[in-house]
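Visitor: I have a predicted model here and would like to know what stands behind the terms used for it. Could you walk me through them?

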Amino acid sequence: MRPLLGLALLSSLLYSGEFEYKGYVGADTQAYLSKPDGKHPGNLTLQQQLELKYSEGDFEAALNLYAQEDSYDLYRDKAVHNDRSFIRLDELYGKYYFENDMLFGGRNIRFWGALEVNNIVDTFNTKDFRTDALDPQKQGAWNVAYTHYFENSELSVIVKLYEEKQEMAAYPYVYYFFPKQIPVAGVGLTDATYDANRESEESLYRPTVYLSYSGSTESDYPIDYALVLQHGFDSQRAFSTVVDPLARTTIFKERLYLANKVSTYNTMVVGSTLLKLEGLITDVIDDNVTSVRKRVADYYQFGLGVEHTLTGLIGDADLGLLAEYYYYDTFDHSDAIADDLALFQIFQNDLFLGFRYTFNDVADSSILAGAIVDWQYHEQSYTFKYETRFFDVLSVKADYAYINPSKTDPTAYALMGFNANDPLADPSPHQRVGLNLSYHF
Amino acid sequence: MVVNVWAISNYDLAKKSDAVMSGYEDAKAEMVMTLINANGQERQRTMKSMVLEKKGGDKSLMEFLTPADVKGTKFLSYEHADKDDDQWLYLPALKRVKRIASKNKSGSFMGSEFSYEDLTAFNIDKYNYSGDAEEVTVDGKKMYKSVRVPKSKNSGYTKQVAWVAPDTYLTMKVDYYDRKKELLKTATFSDYKKISGIWRIGKIEMVNHQNDKKTILVWKNETIKNGLTDKDFSKRVLKR
C-alpha cells in the first residue's frame with residue numbers, strides 16, 4: 001500500500017496550497033470468465049492519479065503521478081504476486097512561451113495520431129502493460145523541445161534523452177504474455193520470465209531526435225496534418241532470450257536498435273464524416289543478425305479510418321460509426337528476419353468495425369463497442385464499454401471483452417492463452433468483465 | 001423614455017438587435033450552467049470562455065472546470081457563415097487534440113438544454129426574414145415579435161420567434177420550433193448590462209417544453225476589449 005499512501009498524503013497536503021490540481025482515486029476490478037489454468041481468475045486494483053499545474057505568466061510547470069496497488073501483491077505468498085503495484089512519475093516539466101515559440105524541458109506524455117482504436121504513429125512514449133493490457137497506459141519520457149508556431153502550423157524539434165523500460169506484470173497475471181515454461185532443445189522445460197532491463201549496443205542515454213511539423217488547412221474540406229521525422233531508438237522492440245541450462249530458466253529481454261522513421265497522421269473533414277490516415281516507414285540502421293537471433297528488418301505500417309456521426313437518432317443521442325484498417329509488413333521476408341509475431345505486433349492485417357453511442361446526457365454517458373478481425377492469423381476480439389458518471393464526481397466504467405486467439409500461429413493472444421497443463425490443446429479464449437469506479441477531485 | 005412604435009421589417013429589426021450587441025471586439029468570462037431535470041434535481045457545470053469577434057464568424061474557446069473528470073477539456077470553434085465551422089476538442093487525459101465534424105449543430109451541449117447552435121453568437125446572415133415585425137404587449141410592456149428562419153439545413157430549428165425590446169433592441173425571449181415545427185424550447189434573456197458601452201447578456205434560462213428540463217446559464221466577471229487576437233484562438237492554446 002506504500003505507493004498509494006504516499007500519493008494520498010501528497011494529495012491531502014495540496015488541498016491547503018494554491019496549486020491547480022486534479023486527479024482521482026479508484027478501484028478497478030476484472031473477472032476472467034475464461035483463461036488458462038494457473039492464471040488469476042480476477043483482479044482488484046486500487047488506483048490513484050494526481051496532477052498539479054503551476055502557471056506564472058508565460059511559464060508553466062506540471063507534475064503528474066500515478067500509483068496502483070494490486071490485491072495479489074498484498075499476499076504473504078510471493079508466488080501469487082503479479083508485480084502490479086507501483087508509483088510512476090508520468091510528467092514533471094517546465095515550459096516557457098515566447099511570442100511565437102515555446103521551450104520545453106522535463107518528462108511528459110505526447111499524443112500523435114488520428115485513429116481511435118490503435119495509433120500506429122503514437123511512438124513517442126513507451127507503454128506500461130502493468131495497468132490494463134487491453135488498454136495500456138503510456139509512461140512519460142524525458143525530453144527537451146523547441147517549438148515555433150506559424151499562423152496555422154507549428155514546427156517542433158524534440159530530443160528524447162532516455163529510453164524507458166516497457167514494464168510488464170508477472171505470471172500469474174492473466175495478461176502476462178509469455179508462457180510460464182518454455183521447452184528448450186537439449187535442456188527440457190525451462191521457467192520463462194520477462195526482464196524489463198533493455199539490451200542495447202548503444203547507451204540508453206543516446207538521444208533520439210524528432211522533427212515534427214503539423215497544422216491545419218482552411219479549405220472546404222479542412223485537413224489536420226502532421227509529419228514526423230525520427231532518428232534514434234525505434235519504438236518497436238525486438239526480443240532476446242537468454243537460456244541458463246543449469247538454472248533451467250529462459251529470460252526474455254527487450255532489445256533496442258536504431259532506426260530512421262517517417263510518420264504521418266492526418267484527418268480530413270467531409271461533412272459529418274472524418275477520414276483518417278496514419279502511416280510510417282522505418283529504416284532499421286544497426287540491427288545485425290547473429291547466430292542466436294534474427295534481424296529486425298525495415299518495415300512499414302499504415303492505418304485508414306472513417307468516422308461518420310449520425311445525430312438525433314433517439315432524442316439527443318449521437319451515433320458514431322467507426323471503421324479502421326491496420327496493416328504491418330517488413331520489406332524483407334527472408335528466414336533471417338524476425339517476423340511480426342516475434343516482435344509482438346498485434347495489428348498486421350486487421351479490421352475494426354464498431355460504434356460509439358453518445359447519450360449527450362447530464363452524466364456524459366457513452367457506449368463504445370466493436371469487433372477486430374485479424375485476417376492474417378484468424379483471430380477475433382470483441383469489446384463493449386459503457387461509461388457514465390454519478391453525483392458529478394464518481395465515474396463508472398463497465399466493460400466486456402472476448403478474444404478468440406489464433407489456433408494456427410503463436411500470436412500474443414495465443415501465447416497468453418497457452419495452457420501449461422495441456423500444451424497440445426488450442427489456446428484458451430479470453431473472456432472478461434470489468435468494472436472501474438473512480439472518485440474525481 | 002421614447003418608445004419606437006414605427007413599423008419595422010423583421011430584417012431591419014434583426015440588424016438593429018445585432019448592432020447593439022456588436023463591437024465588443026473580444027470577451028472573457030466565467031460561465032455557470034445549472035441543469036435542472038423534470039424532478040427539479042440540479043447539476044452545475046462551470047467553464048471559462050473567450051470569444052473573438054470576427055466579421056466572417058466568431059472564434060471561441062471554452063475550458064471546462066467541472067465536473068472534475070472533464071476538468072481541463074477545451075473546445076475551440078471557428079464559426080463560418082458560409083460553410084461548416086472548424087472545431088477541435090482537447091482531451092487532457094490523452095493529451096489529444098481531436099478534430100470534430102461540426103456539420104450538425106443541434107446536439108446538446110454538455111447534456112444541457114442548449115445546443116451548440118444556441119451558444120454561437122447571433123449572426124443575421126444565418127437566417128431568412130420576411131415581412132414586418134409584429135407589435136405586441138407582454139406583461140404591459142410593448143415588444144416587437146419577430147420571426148426568422150435558419151438558412152442551414154443542418155439547423156435543429158425550422159423557425160425562431162424573438163421578442164425584442166423596442167427601446168434598446170435587446171432580445172428578451174426566443175421560442176425555438178423543432179424540425180416537426182412544434183414548439184421545442186423557450187429562452188428568456190435577462191441581466192443585460194453595459195460593459196464599456198456595449199450591451200452584454202448576463203443570464204439565459206432555457207426551458208424545454210417537450211421534456212420539462214431547464215438549463216440556466218449565467219455569465220460572471222465578464223470583460224470585453226481585452227486585446228485578444230487570432231493567436232489566442234490558435235490550436236496551440238488547446239495544450240496550454
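Guide: Gladly! B:Arg148 lies opposite B:Gln160 in β10(B).

Visitor: What makes β9(B) and strand β10 (residues 159–164) of chain B a pair?

Guide: Strands pair if DSSP finds at least two bridges between them, strands being DSSP runs of E of at least two residues, numbered from the N terminus. β9(B) and β10(B) are joined by 5 bridges and run antiparallel, so they meet the rule of at least two.

Visitor: Why is the link between B:Asp69 and A:Arg389 called a salt bridge?

Guide: The term asks for a side-chain nitrogen of Lys or Arg within 4 Å of a carboxyl oxygen of Asp or Glu. For B:Asp69 and A:Arg389 the closest N and O atoms are 3.1 Å apart, so the pair qualifies. The rule finds 11 salt bridges across the interface of chain B and chain A.

Visitor: Which residues count as being in the contact, and how many are there?

Guide: Contact means heavy atoms within 4.5 Å; 31 residues from chain B and 50 residues from chain A take part.

Visitor: And the ground rules?

Guide: Residues are numbered from 1 along each chain as its sequence is written, and chains are lettered from A and ligands numbered from 1 in the order in which they are written. In this predicted model local features need pLDDT of at least 70, side-chain atom pairs count only at pLDDT 80 or more, and totals for chains, interfaces and linings use all residues, while side-chain values use heavy atoms, leaving out hydrogens and water.

How values were computed:
Helix = DSSP H or I, 4+ residues; strand = E, 2+ residues; numbered from the N terminus.
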